[in-house]
Amino acid sequence: AELAVCLDVLAVAQNQRGVRHGGGKHGVFRGSGGDGGGGDGEFDFTATMELGDYTLIVTLDDGQGGVRDIVKSAVAPAGLLEVHVSPSGSSTFPYDTPATALADIQTAVDSCLSGGKVIVHDGTYALKETVRIEKGLTLMSEHGRDATALASSSVRLLYLNHADARAEGFAIRGGKGGGLAGDTAIGGGVLIGKAGGTLDKCILESCANSTSGGAMALLATNAVVRRTIFRSNSSSGYGGGVYVTSGGGVIDNCLFYGNSANWGGAVYSDGTGPKVRILNTTALDNKGQGGNITDYASAHNATAINTISTFANVSQSHCLGSTAFTDQPNSDYSLAIGATAIDAGVAYEGMCETDLAGNPRLSGEGVDIGAYERSAEELTVDVAVDVAKADFTGDVVYTLTPSVTGAQAATLDWSIRRGD
């Protein structure tokens, strides 16, 4: 017995009206019995179609009018590996250019496959709902945090909950927490859930809530925030910048200033389980009991390495309470010439290759302490002496003494060359 099997594919593009028919794809089912009896068999289909969302309907036709569905509704997993978002996009499938980009970030995330990326073009995106990333993809801005912002006055802006979920290059402004079922509202701007995720090269500012983690909360050991600035965030509970539960996490090459909370103006680590690791971070000029970085327990489970801050109940390695900055009163926390933090840190496994500003982390004789690495510099200055104005007659020994003004602890090597 030989029966024709038809796979009827209906392709439905997201945000498009109507239905596009992909056409019937045919295969052959061969029964194991040749005497009219029933039998088992297999069939294979190969259908090449553009990426999109597909509903598959498989029907069985005996050629004599007897037709029945084998599978009434089967959804084939499909999606895109690169999706663009732009305020001026036309939302035209497959959303692969700024002109055809989607306007909604969550729709773009839902359309993108694991392992893919969503590219958000310049602009400020006012969000009414939290953008949720619960699969392994990267949400990234095209030109970085100075050009692309996510803003809200009512909800949390980002929720990451996958080990390979990543958000990179955004200004995150005004988040208030909440927006998820059963949400405790911790993390005003960003929440990294128990499955983990990474936030990189962002700035979180003016976020606030009434619980904990004015700007952000970390709930997992593999929750990572890296090369990010936290400023002017607040919480009436714990952690004006970041609140960390007993899941732990990593704060790496970050800067905290101008944040406030009841406890832990910059960072508060809670619970008794695995604790946060704070690496090459600067956290100063934040307000809260316990100092800038505070741990719940006196067991010092939280660890800080190469960090400039004040601490309470935190284990410290190669840390400083202060150093010389370029212009601290105006929030420039880059290291000044001669700062004690220069080359005073220690290398460690997994150290980030670049600092907060994107400069190589190793420059000079060693690792610098804090969020910024001071680049090794060499300055050459040629000074000419007008001999016509100097009296070199007579048997007199003259001493030339070079000096530098306006620099801190500069090292000066000099030599005198006799001209014509």
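Modeller: Happy to. Leaving aside neighbours within four places in sequence, isoleucine 251 is in contact (heavy atoms within 4.5 Å) with Leu218, Val225, Val242, Phe256, Val267, Val276, Arg277, Ile278, Leu279 and Thr281. Before going on, please keep in mind that this is a predicted model, in which local features need pLDDT of at least 70, side-chain atom pairs count only at pLDDT 80 or more, and totals for chains, interfaces and linings use all residues. Residues are numbered from 1 along each chain as its sequence is written, and side-chain values use heavy atoms, with hydrogens and water left out.

Isoleucine 251 belongs to the largest nonpolar core, which has 55 residues; Ile251, Leu139, Leu199 and Met216 are the ones that touch the most other members. Such a core is a set of buried Ala, Val, Leu, Ile, Met, Phe, Trp, Tyr and Cys residues joined through side-chain atoms within 4.5 Å. Buried means under 20% relative accessible area, exposed over 50%, and partly exposed in between, with a 1.4 Å probe and protein chains only. Another core lies apart from this one; it has 17 residues, including Ala171, Ile229, Leu284 and Ala341.

Now follow one of those contacts, Phe256, to the aromatic rings. The model has 6 aromatic pairs, where rings of Phe, Tyr and Trp (its six-membered ring) pair if their centres lie within 6.5 Å; planes under 30 degrees apart count as stacked, over 60 as edge-to-face and the rest as tilted. Phenylalanine 256 is stacked with phenylalanine 230, at 4.5 Å centre to centre and 5° between the planes. This pair links distant parts of the chain, since phenylalanine 230 is in strand 20 (residues 229-231) and phenylalanine 256 in strand 24 (residues 255-257), 26 residues apart. Helices (H or I, at least four residues) and strands (E, at least two) are DSSP runs, numbered from the N terminus. Both of these phenylalanines are buried.

Strand 24 also holds tyrosine 257, whose partner, tyrosine 333, is in strand 36 (residues 332-335), 76 residues apart. Elsewhere, Tyr238, Tyr243 and Tyr268 form one aromatic cluster.

Threonine 228 is buried because its relative accessible area is 0%. Its side chain reaches the backbone oxygen of arginine 226 at 3.0 Å, a polar contact (a pair of N or O atoms within 3.5 Å; within protein, one must be able to donate a hydrogen and the other to accept it, and residues adjacent in sequence count only if both atoms are side-chain atoms). Beyond four places in sequence, the contacts of threonine 228 include Leu199, Asn253, Cys254 and Leu255, and Leu199 takes us back to the core where we began.

A last word on confidence, given by pLDDT, the predictor's confidence in each residue, from 0 to 100. The chain has a mean pLDDT of 81, and 68% of its residues reach 70 or more. Over residues 1-44 the pLDDT is below 50. Where pLDDT is low, the predicted coordinates should not be read in detail.
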